Amino acid sequence: TKGVVTLDPGYKNTGACESAITFLDGEKGILRYRGYSIEELAEKATFLEVCYLLIFGELPTQQQLNKFHTDIKGQSHVDEDVKRILDGFPKSAHPMGVLSSLTSALVAFNPSSVNVDSEEDMYKAIVKILGKFPVLTAWTYRKRLGLPLDYGDDNLGYVDNFVKMMFKKPSGEYNSKQTVVDALDKLLILHADHEQNCSTSTVRIVGSSHAGLFVSLSAGIAALWGPLHGGANQAVIEMLEAIKEDGGDTKKFMAKAKDKDDPFRLMGFGHRVYKNFDPRAKIIKKAADDVLESMGIEDQVLDIAKGLEKEALEDSYFVDRKLYPNVDFYSGIIYRSLGIPVEMFTPMFALGRLPGWIAQWREMRLKKEPIGRPRQIYVGENLRSYVPMEER
Ligand code: SDX
């Protein structure tokens, strides 16, 4: 602490705000949304119910949920000109960069969603983005495959409709197995919010300047893309595949992860808050077993993951630093089994985190939080005079 500011790189010990949305206990591995445990919500709720709960604070009645879904469906059309923007990206563009751009571009097609101050205007912007983001995600995925960009079926549930939009073949059929929808519903619930993580803090600080909801979310998508954050779910599978290609020798990769001179980290391990098992990882690990079993898939990568986990839990480097598997360690194995390609893993995280970002942005705006503007400790040059070019 020097003078008026306390140096806290990475905000490891800074409480940025008061929030009533999500409770985490890192020591005990507890995660609750609006007081409900994620274990119960993952088991008993639907993702759309959890969206409503996070944003408005209470579990919806059937009538409230029906109206919420109807309002969302009413706003799920995306202007055809957005396809022109999508056309501008090479097929090799990473979907997270495309989604961050398209989410920001939506402002141009929905100007009324920019300056939202009243709860009523916020609600309109919220149902718009909850309606349009799944479409943008599906279109971003399908564009890479050269598949038609259209809609699912409004008579389906929110997640079922997304699955249809993503996987519908030109003939119209798609993998409508309930196990696929149930697995995705559970994964999206488990990703829905996580208090002041990097991307949520980004959404809050961008929104604190009274920038609109869509651009605040676009910034959150960009932050989530990083491999230290949501991008880890893609990096985990790439790491597990590399270990498999290398003959499955996990010890070599464990040694690399512990080598201070080697930038390699064990992706999917460690967490800023959880110094115990990430409760989401526990649920996802079990779900991975169940989904693979129900689909009759033998995935060697899952066995490698379990081997890594076992070794790390017995390795003093990881135990001393309290490094356990986090939410990203097993999620990719389920996405893969559902036919979702690795570059779409982090977009799936973004789709899940959307209600959390929205809830936190709305809470920040309704509480009229001040603009985010941290201070610094200056360690640069003292006053000095300009040096003419010929004297440099
Ligand atoms: C998410 O914040 C959230 O809530 C995020 C999230 C959410 O829902 O929003 O939970 C989602 O982002 C999960 C995390 C996904 N990221 C990864 O799996 C990437 C690998 N993990 C690490 O990069 C790291 O653990 C972080 C980024 C998750 C946390 O970093 P911290 O809190 O800044 O910890 P640190 O980097 O200071 O590490 C502390 C020590 C260091 O060693 P020493 O300097 O003390 O000797 O642990 C070591 C690190 O080198 N370490 C690792 C490691 N993670 C930390 N060593 C090897 N492999 C790792 N994965």
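Contact, or touching, means heavy atoms within 4.5 Å. Keep that cut-off in mind for the stops below.

This is a predicted model, in which local features need pLDDT of at least 70, side-chain atom pairs count only at pLDDT 80 or more, and totals for chains, interfaces and linings use all residues. Residues are numbered from 1 along each chain as its sequence is written, and side-chain values use heavy atoms, with hydrogens and water left out.

**Whole protein**

Start with everything shown as a cartoon. There are 17 helices and three strands; helices (H or I, at least four residues) and strands (E, at least two) are DSSP runs, numbered from the N terminus. Along the principal axes, the C-alpha atoms fill a box of roughly 70 × 55 × 50 Å. Of the 392 residues, 51% are buried. Buried means under 20% relative accessible area, exposed over 50%, and partly exposed in between (1.4 Å probe, protein chains only).

**The core**

Select Tyr-33, Leu-240 and Ile-333. In the largest nonpolar core, which has 116 residues, these three touch the most other members. Helix H6 (residues 119-145) gives the largest share of this core, twelve residues. A nonpolar core is a set of buried Ala, Val, Leu, Ile, Met, Phe, Trp, Tyr and Cys residues joined through side-chain atoms within 4.5 Å.

Now zoom in on Ile-333. Leaving aside residues up to four places away in sequence, Ile-333 touches Ile-237, Leu-240, Ala-288, Leu-292, Asp-299, Val-301, Leu-302 and Ala-305.

**Helix H6**

Select residues 119-145. Of the 27 residues in H6, 19 are buried, so the helix is mostly covered. Its end C-alpha atoms are 40 Å apart, which agrees with the 39 Å that H6 should span at 1.5 Å a residue. The expected span is 1.5 Å times one less than the number of residues. Look for a kink of about 25° at Lys-132, shortly before Pro-134. The bend at a residue is the angle between axes fitted to the seven residues ending there and the seven starting there. Just after H6, Gly-146 has a positive phi of about 70°.

**The sheet**

Three strands make an open, antiparallel sheet in the order E1-E2-E3. Strands E1 (22-25) and E3 (36-37) are at the edges with a single partner strand each, so one side of each has no neighbour in the sheet. Two strands pair if DSSP finds at least two bridges between them. E1 and E2 (residues 30-33) are joined by four bridges, and Leu-24 has Leu-31 as its bridge partner in E2. In the hairpin of E1 and E2, Gly-29 takes a positive phi near 65°.

Most residues other than glycine have a negative phi. Which way does phi of Arg-34 go, positive or negative? It is positive, near 50°. Arg-34 is in the loop between E2 and E3 and is partly exposed, at 21% relative accessibility. Next, select Glu-195, where phi is positive at about 45°. Glu-195 lies in the loop between helix H8 (178-190) and helix H9 (198-207).

**Last stop**

Select Asp-289, in helix H13 (residues 279-295). Asp-289 is partly exposed, with a relative accessible area of 30%. Not counting residues up to four places away in sequence, Asp-289 touches Leu-302 and Lys-306.
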